[in-house]
Amino acid sequence: MEHRPQMAAEEFERIAAAAEREGVRMEFIHGRLGVKAVPDGDHDEIIRWLMQRCMQHRPDLWLYPERGLKIQTYRNGNAKPDGTLAPEGTFAGQGEWANPDQVQMIVEVTSYDTDTDKRDREEKPAAYAETGIPVYLLIDRDTCETLVYSEPDAGSYTKILRRPFGKTIELPTPVGFTLDTEPLKDWVH
């Protein structure tokens, strides 16, 4: 049986805009409507820490938090990743759901909710690879691991690096720097 989207992307955008005004964050991945957990303070600190690392190592790029992106070449998905690494000015003049053509890396930090496993570990890597995002960085607070997905090909990432918090991990080209994950140990509960 063929998978059919729950709604058109345009319908999702109207619903998501209304929900955002009420403090609810929504995404539309692989034709499925999803609610994204509101981040806790440790989640925010991880994004702040990663912003600093990116600025130190790649001052030509900016880590945009919660940037709405049009993802997936098939089924017209929309996502608001925790972080989107792209050249400064990439999203100027674009609306709430921007084109991801210049995105170098997507960052997601797991939330402590029941949907994290399917959403962050299965659906999003597939959607980001299908869109052609070069690097997907998953900071998994449940498993205390950092995962780097890279080399998208035919709708999936062909390379995955996995390191426990406290170890260094290489963010491959086009990002191109090593990340020391020791500080992540401070933001796990």
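Reply: Helices (H or I, at least four residues) and strands (E, at least two) are DSSP runs, numbered from the N terminus. This is a predicted model, so local features need pLDDT of at least 70, side-chain atom pairs count only at pLDDT 80 or more, and totals for chains, interfaces and linings use all residues. Residues are numbered from 1 along each chain as its sequence is written, and side-chain values use heavy atoms, with hydrogens and water left out.

Me: How many helices and strands are in the chain?
Reply: Going by those DSSP runs, the chain has 3 helices and 12 strands.

Me: Which loop holds P174?
Reply: Most peptide bonds are trans. The one from T173 to P174 is cis, though, with omega near 15°. P174 sits in the loop between β11 (168–171) and β12 (177–180).

Me: Is E66 buried, partly exposed or exposed?
Reply: E66 isn't a glycine, yet its phi is positive, about 55°. You'll find E66 in the loop between β3 (61–65) and β4 (69–71). Buried means under 20% relative accessible area, exposed over 50%, and partly exposed in between (1.4 Å probe, protein chains only). Because its relative accessibility is 26%, E66 counts as partly exposed.

Me: And what is the relative accessible area of C144?
Reply: C144 is another non-glycine with a positive phi, about 55°, placed in the loop between β8 (135–140) and β9 (145–153). C144 is partly exposed, and its relative accessible area is 31%.
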